[in-house]
Amino acid sequence: MSTTLHLSERLGTLGGIDAGKGAPLVLIHGVGMNSAAWGPQIEALSDRYRVIALDMPGHGQSAPLPETARLPDYVGWLHQALEALDLGPVSLAGHSMGALVAGGMAVEHPDQVTRVALLNGVFRRDPAAREAVKARAALIAQGVFDLTTPLTRWFAETPEEQSAREKVTGWLKAVDPNGYATAYRAFAEGDATYADRFAQITCPLLALTGSGDPNSTPAMAEAMARAAPRGRTLIIEDQRHMVNLTAPARVNAALEEWLAIPALAPVTGGGAP
């Protein structure tokens, strides 16, 4: 079921989907999406877990952050959201921009995260990729909103992927332009923000991507997993960026396996083990 609640005068409204009962699993979507983008995972996992898919700031029903917000501000938002939801420590999964937020949360607030899954995340882009994504962020900030290029990059021409593409197209067309621009700039600049601190993530970490994702590459997923003490990598063959929608059965199976990994006792205060 969809839900909204008021966080604070500063952060405003929090939107999302809250389904099922059990240990809490929190899901954070990517730029331009909303909580419905986790539909296959909510359906598959809510019979055993309480699945809370949150709308990122400026997306869905969640209030925006200031236009100056960067990745640490999104991590701070998630910290306050989890405090407001009063869930205790959670399993946390993020896709794309959501993976950056989830990784930052596991670094900054390890006491709130029992395990973390980073789907199609970015990690230390090379200089050419960094300049390209910053250029896209600058165009988006100017109101230039190109749908065709990312959609072509994210989806193959198969009927199954084209069905997912139609859903994603609808979500991108519905997103608030200002919320999208703010999040995209944070996404463009955030690939190295917490990279040097992944050694502090002592909970189980899953880094998952598609073998054909040109921006959230298998090499990035492998680097994230190597950097974390309990990291592991899964590369799903013949898939691109929206893997949770285009290969839901394989992603759901990977998440179930990750959720079954015993978590360490919560660590407070950060710092390498």
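**Entry 1: the largest pocket.** I looked up the largest pocket and found about 550 Å³ of space in it. Of the 33 residues that line this pocket, V133, R136, R153, Y184 and N215 are the closest to its centre. I noted the terms: on a 1 Å grid over the protein atoms alone, a cavity is a set of points where a 1.4 Å probe fits but cannot get out, while a pocket is an open set with protein on both sides within 12 Å along at least five of seven lines. A lining residue has an atom within 4 Å of a point. Grid points are joined across faces, edges and corners, and a volume is the space filled by probe spheres set on the points.

This is a predicted model, in which local features need pLDDT of at least 70 and side-chain atom pairs count only at pLDDT 80 or more, while totals for chains, interfaces and linings use all residues. Residues are numbered from 1 along each chain as its sequence is written, and side-chain values use heavy atoms, with hydrogens and water left out.

Which helix gives the most to the lining of the largest pocket? I found that α4 does, with six residues. Helices α4 (127–141), α5 (148–154) and α7 (177–189) each supply at least two residues of that lining. Helices (H or I, at least four residues) and strands (E, at least two) are DSSP runs, numbered from the N terminus. I sorted the lining by class and got 18 nonpolar, eight polar and seven charged residues. Here Ala, Val, Leu, Ile, Met, Phe, Trp, Tyr, Cys and Pro count as nonpolar, Asp, Glu, Lys and Arg as charged, and the others, Gly among them, as polar.

**Entry 2: the second largest pocket.** This pocket holds about 170 Å³ of space. Its lining includes E67, I140, F145, Y180 and R185. Both α4 and α7 supply at least two residues of the lining, and the largest share, six residues, comes from α7. By class I listed six nonpolar, three polar and two charged residues.

**Entry 3: cavities.** How many cavities of 30 Å³ or more are there? I counted four. In the largest cavity there is about 90 Å³ of space. It is lined by 16 residues, of which L100, V122, F123, D191 and F198 are the closest to its centre. Helix α3 (residues 97–108) gives the most to this lining, with four residues.

**Entry 4: helix α8.** In α8 (residues 218–227) I found M220, A221, A223, M224 and A225 buried (under 20% relative accessible area; exposed is over 50%, partly exposed in between, with a 1.4 Å probe and protein chains only). The buried residues of α8 pack against β6 (113–119), β7 (205–210) and β8 (231–236), where contact means heavy atoms within 4.5 Å.

**Entry 5: salt bridges.** The count is nine salt bridges, each a side-chain nitrogen of Lys or Arg within 4 Å of a carboxyl oxygen of Asp or Glu. R48 pairs with D47, the closest N and O atoms being 2.9 Å apart. R48 also pairs with E256, at 2.4 Å. R48 lies in the loop between α1 (39–45) and β4 (50–54) and E256 in helix α10 (residues 248–259), so this pair ties together parts that are 208 residues apart in sequence.
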